[in-house]
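Visitor: I have a model open on my screen and would like to talk it through. Could you start with the surface?

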Amino acid sequence: MTEVIHTKLLILGGGPGGYVAGIRAGQLGIDTVLVEGDKVGGTCLIRGCIPSKAMIHAASKFAEMAKAAAPGGAHGIRLAAPPTLDLAETVKWKDGIVGKLNGGVTALLKRSKVKVINGWGVFTDAKTCVVGDVTIKAENVILAAGSIPAALPHIPFGGDVISSTEALDLKELPKRLVVIGAGYIGLELGIAFRKLGCDVTIVEAQDRILPLYDDALTKPVKTWLEKNGVIVHLSAKAAAFENGALKVERGDETLNLPADKLLVTVGRAPRTQGWGLETMGVDMDGRFVKVDDRCRTSMKGVYAIGDLVGEPMLEHKAATQGHIVAEIISGQNRRFDPAAIAAVCFTEPEIVSAGLAPNDPGGSGEDVISAVFPLQANGRALSMEAGDDGGFVRILARKSDHRVLGLQAVGRHVSELSGEFTLALEMSAVLEDIAGTIHVHPTLSEATHEAALRALGHAIHI
């Protein structure tokens, strides 16, 4: 017998956008039902950001131990024998972190009195969703279906052709890993597997790695790849995968790259199929659901957030939109209009970028001043081996009034600077604001301070 539930708010998808919307809606006293086909937490918590960073951390620790076991050791630390790896145990540790966070999100939803229905939801119209023998009728709907790994039509997933999801669950280390795509996902995982001991080859269709970032930011990453024996084929097309080898076409040259596993990382696609989007009467913007600055679709009372509505496909964008939409439904006057959304590549070394970059069109024709402070002149960076890889902090500001327009950095651990970068842009800081703020010593954040001072013409430590 079909159960019918009437609710003020229905959320499809329990990822960062959906569960944050649910928790905030519950706090605001909105009767809320959340439908999730897997585990709450979504791609980022279950299959992406968190598990990948755990594996990257484990890989870095393994590489540091291998360095200490090499002749000469490291900083006076010597290991009698090289480290060994039980990848299944590493994956088990990673899964424990995921399980802890999943349990935490589940408890937060329960505390906020959000009714979670596990199962695959399919809409029959804009306000009605069927999950097994349960029918949910809602006054308001938030679509937070997320995204899936993009596949290559001629090299579909399956067998030894894997996405990032399967790569994070491998129980045995492949001897030879070939990665298609030199974007942030491909490089993050490719570098991690190289640190664990794999022979790694990367194939990229464009003529440079990390095409969304400028050459200065990507040069230290390129240097690490070369130094650590990662082979990179640029301007190369992956043509076919047969008999354990990837056929690659590069100009007039054809390469055959043997691979125990082929990791395809050519981006992500919004999850628009299989849950009844076509029945809802919402307008599309290309492959994404079209929304306004309040995340409203063309159907009254239906909102969409996160990866479903376009780039950047980032957890912190989705979570912010979910928070805002819950407040809009409660009657508050909110808009999604951020000054900047920072992006981070957890490569070796890391890259962070917020706001305007040197090659971006967006300076409105105005003169822009920029300054760079190298991490080799930062004491904290030197003390944790983060000063010798070409890293730096860069700041861009409008020449006329010194308003900060963009901040970037490359170097070990610079992802932790992303908060200060974004806050400066959101608060419309000028160079004098950053230069006049006392930054703690010794920290990497001092490099941001020095970059602002240098832009003003009076850096201290360079």
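Guide: Accessible areas here come from the Shrake-Rupley method with a 1.4 Å probe, and for residues only the protein chains shown count as cover. On that basis the chain exposes about 21,500 Å², of which carbon and sulfur atoms supply 53%. This is a predicted model, in which local features need pLDDT of at least 70 and side-chain atom pairs count only at pLDDT 80 or more, while totals for chains, interfaces and linings use all residues. Residues are numbered from 1 along each chain as its sequence is written, and side-chain values use heavy atoms, with hydrogens and water left out.

Visitor: How much of the chain is buried?

Guide: Buried residues, meaning those under 20% relative accessible area (1.4 Å probe, protein chains only), make up 52% of the 462 residues.

Visitor: Switching topic, what is the order of strands in the open sheet of five?

Guide: The order is β8-β15-β9-β10-β11, with parallel pairing, where strands are DSSP runs of E of at least two residues, helices are runs of H or I of at least four, both numbered from the N terminus, and two strands pair if DSSP finds at least two bridges between them.

Visitor: Which strands stand at the edges?

Guide: β8 (161-162) and β11 (231-233) do, each with a single partner strand, so one side of each has no neighbour in the sheet. Strand β8 is joined by two bridges to β15 (residues 261-264), with the two running parallel.

Visitor: And what stands opposite Ile162?

Guide: Leu263 in β15 is opposite Ile162.

Note on methods. Buried means under 20% relative accessible area, exposed over 50%, partly exposed in between (1.4 Å probe, protein chains only).
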